[in-house]
Amino acid sequence: MKIVKYYHHRGKLEELSRRHSAFEKIKGTVNLGVWHEWTDSDTKEISCEKMMIFVGKTGYGKSTTVNVISGTNYFQTSDVSSCTRVCQCVDYRVQGRYWLSLGDLPGVGENQVRDEEYFKLYQDFLGYASVIIHVIRADARDYSIDEETTRRLFMEASIKKRIVYALGQCDKIEPLDRKSDPAPTELQMQNSNKKIAEVKRVFSPVNAVVPYSATTQWNLHGLTSEIVRVALSLG
Ligand SMILES: Nc1nc2c(ncn2[C@@H]2O[C@H](COP(=O)(O)OP(=O)(O)O)[C@@H](O)[C@H]2O)c(=O)[nH]1
Ligand SMILES: [Mg+2]
């Protein structure tokens, strides 16, 4: 299996943990658990990685989420067309040759031919990823493509326990509110909790379903904490 990723940035873990303190916990773990070996095709340098990949339907906010978590603008985002054709990453050095990598994969649900290509791409990355963040949209009513993704790729117990369901775009949950405070109102919270219950019923997740908004950054820390928790719980 040959998988290809392009990195936009290689920095230090501190860059990330300054923004989201949960990532600090990765620091002392280089001698523990599973790290995947990776050979850079250009430099032939061998590194050990924990990779966290973002998957899901196109337009759900995967690229926006990686941008706001990393505090970068490397990942192109779009309302109209999917921008990502390969796995694009930002990498952070934990220590020595140990790296943490955040990867943005193309979104499915654009058209059938492309979906087949992307499901294959997801499959190739699944064995390699420490955490799989399946982005679902809080204001979506139809989960058919998300269910198909789950049915085709995420049924095995060893994969299921690595998935975090990220319930994105919570700022769009009804009833919409124009106030400047990013925190959802009481009524939005109630509807968000109903959505979480629905996602749990449809997908039977092993780990938490985390509501958040990439645009307002509401509960982004909740999301990064759960991602790191899953990464460390699996070693
Ligand atoms: N209101 C709102 N819009 C968002 C949020 N996250 C992403 N978007 C918008 O949704 C569109 C698609 O986002 P993108 O990151 O390109 O989705 P991707 O195809 O899953 O990578 C863009 O116009 C984003 O600005 C969010 O949390 N709230
Ligand atoms: Mg994208």
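The model is predicted, so local features are given only where pLDDT is at least 70 and side-chain atom pairs count only at pLDDT 80 or more, while totals for chains, interfaces and linings use all residues. Residues are numbered from 1 along each chain as its sequence is written, and chains are lettered from A and ligands numbered from 1 in the order in which they are written.

Begin by selecting ligand 1, which has 19 residues around it, with Gly 61, Lys 62, Ser 63, Thr 64 and Thr 77 coming nearest; a residue counts as near if its C-beta atom, placed from the backbone, lies within 6 Å of the molecule. By class, this shell has two nonpolar, 13 polar and four charged residues, where Asp, Glu, Lys and Arg count as charged, Ala, Val, Leu, Ile, Met, Phe, Trp, Tyr, Cys and Pro as nonpolar, and the others, Gly among them, as polar.

Next, select helix α2, residues 62–70, which gives the most to the shell around ligand 1, with three residues. Helices (H or I, at least four residues) and strands (E, at least two) are DSSP runs, numbered from the N terminus.

Now turn to the backbone. Most residues other than glycine have a negative phi, and most peptide bonds are trans. Select Glu 174 and Pro 175, which are joined by a cis peptide bond with omega of about -10°; Pro 175 has its place in the loop between β7 (163–168) and α6 (186–203).

Finally, select Lys 44, in the loop between β2 (36–39) and β3 (46–56), which has a positive phi of about 65° although it is not a glycine.
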